[in-house]
Amino acid sequence: MLQFLRNLPKIELHAHLNGSLNIDSIRELAAKVYGVQTKEFSTLCERFIKFEKGAKLDDCFEKFGFVHELTSTKEGLEYATELVIRDFAKDNVIYVELRTTPKANGNMSRRSYLDTVLGVIKKKSDLYKIKVKLLPSINRAEPVAVAEETVALAVELATVEPEIIVGIDFSGNPNQGNFKDFIPVLSKARNHGLKLAMHCAEVDNPVEIREMIRFGMSRCGHGTYLSDSGFEHMKEENIPIECCLTSNVKSGTVANIGVHHLKQLMATCAPKVLCTDDSGVFDTTLSDEFFLATESFGLTKSQCIALTMEAVEHAFATREEKLMLKMQIYKYTRLQNK
Ligand SMILES: CNc1ncnc2c1ncn2[C@@H]1O[C@H](COP(=O)(O)O)[C@@H](O)[C@H]1O
Ligand SMILES: [Zn+2]
């Protein structure tokens, strides 16, 4: 089964750039760009993927700082973007929507951050035989003014690269910031034709969940704490829940894999996609996530194929791109049946 899943051409719709650098790539990045190979650095790397039992979501957010330091220069960000694309391709992901929060520092403005990531996507996608889209992220823990700058840049760059910049991700620590404050800027993005992938109901905050549902979204990240009527609404509106199994278990937002809402979504034929979230931080791959689903919920090979086809449907891709992706998946499954 694992080999079947590794070889299956897969679709990744929820991946944060800085969270998707696995430990080997972090070492490679540090060695190539910064020449770091100290014992101290190795200890930091080990701590990066270690989750204590009973870890909380807040603990995850501390971990991102480690990678953010390595991607704080143009060179570092460039190489990190290539490594992430390479690693998804290695796992036979044929289409990935990367999300990332543009960051300004002494080395880069938010514009040059996005230009850098875009440049690598344009240069390297063909080399690694993978289609890559980019969703600039709004970090809800930062001021609304930052979100306004990000959306203005996304709208502008989407006119130049409409095939790559296709949406906006609303993310960041859900225990911080207030969703309501971001409604005007998110509306602006939507009015300019950008799709919205929103982290919604990752924590139990019924008031905010209601506000988000009322506002609407194209895809729902996590959806862990949706009520029954929330799940029904998503199904009626054909809004898929982006299920990130390992992320939810390791960050403690679901008690254990056995009670993950993927089970309910499968049983009720509600829209859903399997994603990694932060394959580096959570030390996983999309193949591993599928395997975990087969082990935990008894998913068959055909159900895994159906889930992959469902992901194509919910991708922020053109009709032609979706057709090409489906053909690639179909070709693989036909070979399997021979
Ligand atoms: C675990 N669940 C999660 N919930 C909410 N936001 C998350 C997240 N995982 C990652 N991020 C968001 O993505 C950033 C890292 O990638 P980038 O620096 O943007 O490429 C994190 O700092 C956080 O803002
Ligand atoms: Zn996420």
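**Entry 1: the sheet**

I began with a rule: two strands pair if DSSP finds at least two bridges between them. I also noted that this is a predicted model. With that in hand I traced the sheet. I found 8 strands in an open sheet, in the order β1-β2-β3-β4-β5-β6-β7-β8. The pairing is parallel. I then looked for the edges. β1 (10-16) and β8 (272-274) stand there, each with a single partner strand, so one side of each has no neighbour in the sheet. I checked the twist as well, and it averages 25° from one strand to the next.

I reminded myself what holds such a thing together. Strands of a sheet pair through backbone hydrogen bonds, either parallel or antiparallel.

**Entry 2: walking across the strands**

I went pair by pair. β1 and β2 run parallel and are joined by 5 bridges. Here I picked out lysine 10, whose bridge partner in β2 is valine 93.

Next I took β2 and β3, which pair in the parallel sense over 6 bridges. The bridge partner of arginine 99 is leucine 135 in β3.

Then came β3 (residues 131-139) and β4 (residues 167-171), parallel again, with 3 bridges. Asparagine 139 stands opposite serine 171 in β4.

Aspartate 169 has alanine 197 of β5 as its bridge partner.

**Entry 3: how covered are the strands?**

How many residues of β2 are buried? I counted 8 of the 8, so β2 is largely enclosed by the rest of the structure. For β5 I found 5 of its 6 residues buried, so by the cut-off of under 20% relative accessible area these five count as covered.

I looked for helices lying over the strands. Helix α6 (residues 110-124) lies across β2 (93-100) and β3, and runs at about 165° to β3. Helix α8 (residues 183-191) lies across β3, β4 and β5 (195-200), and runs at about 145° to β5.

**Entry 4: phenylalanine 182**

I wanted a residue from a loop. Phenylalanine 182 sits in the loop between β4 and α8. Is it buried or exposed? Phenylalanine 182 has a relative accessible area of 2%, and buried means under 20%, so it is buried.

I listed what phenylalanine 182 touches, leaving out residues up to four places away in sequence. The contacts are Ile138, Asn139, Arg140, Glu142, Val144, Ala147 and Phe170. I also checked a distance to β2's valine 93. The C-alpha atoms of phenylalanine 182 and valine 93 are separated by 32 Å, and the two residues are 89 apart along the chain.

I moved to α9. Its buried residues are Glu208, Ile209, Glu211, Met212, Ile213 and Phe215. What do they pack against? They pack against β4, α8, β5 and α10 (228-236). After α9 comes glycine 216, with a positive phi near 95°.

The structure holds 1 cavity of 30 Å³ or more. About 30 Å³ of space lies in the largest cavity. Which residues line it? I noted Arg140, Pro174, His199, Cys200, Ala201, Glu202, Val203, Asn205, Glu208 and Ile209. β5 and α9 (206-215) are the elements that give two or more residues to this lining. By type, the lining divides into 5 nonpolar, 2 polar and 3 charged residues.

Some names came up again. Arg140 lines the cavity and touches phenylalanine 182. Glu208 and Ile209 line the cavity and are among the buried residues of α9.

**Entry 5: positive phi**

I finished with backbone angles. Most residues other than glycine have a negative phi. I found exceptions.

Asparagine 92 has a positive phi of about 60°, although it is not a glycine. Asparagine 92 lies in the loop between α5 (74-90) and β2. Its relative accessible area is 30%, so it counts as partly exposed.

Aspartate 283 also has a positive phi, near 50°, and is not a glycine. Aspartate 283 sits in the loop between β8 and α13 (286-297). At 46% relative accessibility, aspartate 283 is partly exposed. The cut-offs explain this: buried is under 20%, exposed is over 50%, and partly exposed is in between.

Key. Residues numbered from 1 in each chain as written. Chains lettered and ligands numbered in written order. Predicted model: local features only at pLDDT ≥ 70, side-chain atom pairs only at ≥ 80, totals over all residues. Heavy atoms only, no water. Helix = DSSP H or I, 4+ residues; strand = E, 2+ residues; numbered from the N terminus. Axes fitted to C-alpha atoms, helices over the stretch in contact; angles between N-to-C directions. Contact = heavy atoms within 4.5 Å. Buried < 20%, exposed > 50% of the residue type's maximum accessible area, 1.4 Å probe, protein only. 1 Å grid on protein atoms, 1.4 Å probe; cavity = no way out; pocket = protein on both sides within 12 Å on 5 of 7 lines; lining within 4 Å. Points joined across faces, edges and corners; volume = space filled by probe spheres on them. Nonpolar A, V, L, I, M, F, W, Y, C, P; charged D, E, K, R; others polar.
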